[in-house]
Amino acid sequence: MRATPEASHDDGEGRPVPDEHLIRAGYALGGGDGCIADARRHALAFLDQAEADYPVSVSARTRDLTQLVVSELVTNACKYAPGPVLVELRISARAVDVVVWDSDPTVPAARAADPGRIGQHGLEIVMAVAEDLVVEQQPVGKRITARIPLLDPSAASPGPSL
C-alpha cells in the first residue's frame, strides 16, 4: 500500500487550494485469517509514510489509538458482514481518520455498561478514544469514520499549577 497525496482543487482563479487531508490510502481486506493484523500493519505503514513525507508528527498515543480503532472496526466488520471490508486512512495536520466500509447495513449501537459482559465492547471503546465517530448507511452496507486527534488532548492544555 502506498499512500497518495490529496489532490488540490482550484480556487476559481487558477490558484491551487489544498484539500483538508494531506494523504489517504485505501485497501480491501478479504475477511480471512490475519486480516485484522494486516489492517493494523497497513495503519502503521501509513502513519510512518505520513511522518516521512509531510510535516506531521504522530505521537505514540495516536499510533496506539489508530491501531486500536482499526482493529475494533475491522473486527466487527469481519465478524458481522459478509464479503470484503474496505479500509481508508486519511491524515490532516490535526487528525487521523479511520474509515471502514462493510456490506452489512445494520447500524451498530452502543450498549449499556455491563462489567460482566464478555466481548462486544468495540463500539464503546472506539467512542471513548475517538474525537468524532460517524456512521453512515450506504446503498450497500455502511461506512464508519472515526477521527483520532494527532495531539494528545491532555498535552494540549496546561495542567493545574502547583
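How many salt bridges does the structure hold? There are ten, where a salt bridge is a side-chain nitrogen of Lys or Arg within 4 Å of a carboxyl oxygen of Asp or Glu. We will visit some of them on this tour.

**Before you start**

You are looking at a predicted model, in which local features need pLDDT of at least 70 and side-chain atom pairs count only at pLDDT 80 or more, while totals for chains, interfaces and linings use all residues. Residues are numbered from 1 along each chain as its sequence is written, and side-chain values use heavy atoms, with hydrogens and water left out.

**Stop 1: the whole chain**

Colour the protein by secondary structure. Of the 162 residues in the protein, 35% are buried. Buried means under 20% relative accessible area, exposed means over 50%, and partly exposed is in between (1.4 Å probe, protein chains only).

**Stop 2**

Select residues 85-91, which make up strand 5; five of its seven residues are buried. (Two strands pair if DSSP finds at least two bridges between them.) Look for leucine 29, which stands opposite valine 85.

Next, show strand 6, residues 95-102. Strand 6 runs antiparallel to strand 5, with six bridges joining them, and the two form a hairpin with three residues between them. Leucine 89 faces valine 98 across this pair.

**Stop 3: salt bridges**

Show the side chains of aspartate 97 and arginine 90. They meet in a salt bridge at 3.4 Å, N to O, and both residues are buried. Then select aspartate 102 and lysine 142, whose closest N and O atoms are 2.9 Å apart in another salt bridge. Aspartate 102 lies in strand 6 and lysine 142 in strand 8, so this pair ties together parts that are 40 residues apart in sequence. Both aspartate 102 and lysine 142 are buried.

For a contrast, pick arginine 143 and glutamate 136, a salt bridge with its closest N and O atoms 3.0 Å apart. Arginine 143 is partly exposed, at 29% relative accessible area, and glutamate 136 is partly exposed too, at 30%. Finally, select Arg24, Glu88, Arg90, Asp97 and Arg147 together: salt bridges that share partners join them into one network.

**Stop 4: helix 2**

Select residues 60-80. Why does the length of helix 2 agree with what its 21 residues should span? The expected span is 1.5 Å times one less than the number of residues, which gives 30 Å for helix 2, and its end C-alpha atoms are 30 Å apart. Its buried residues include Leu65, Val69, Leu73 and Ala77. Among the elements that cover the buried residues of helix 2 are strand 4, strand 5, helix 1 (35-53) and helix 3 (122-129).

Note on methods
Helix = DSSP H or I, 4+ residues; strand = E, 2+ residues; numbered from the N terminus. Contact = heavy atoms within 4.5 Å.
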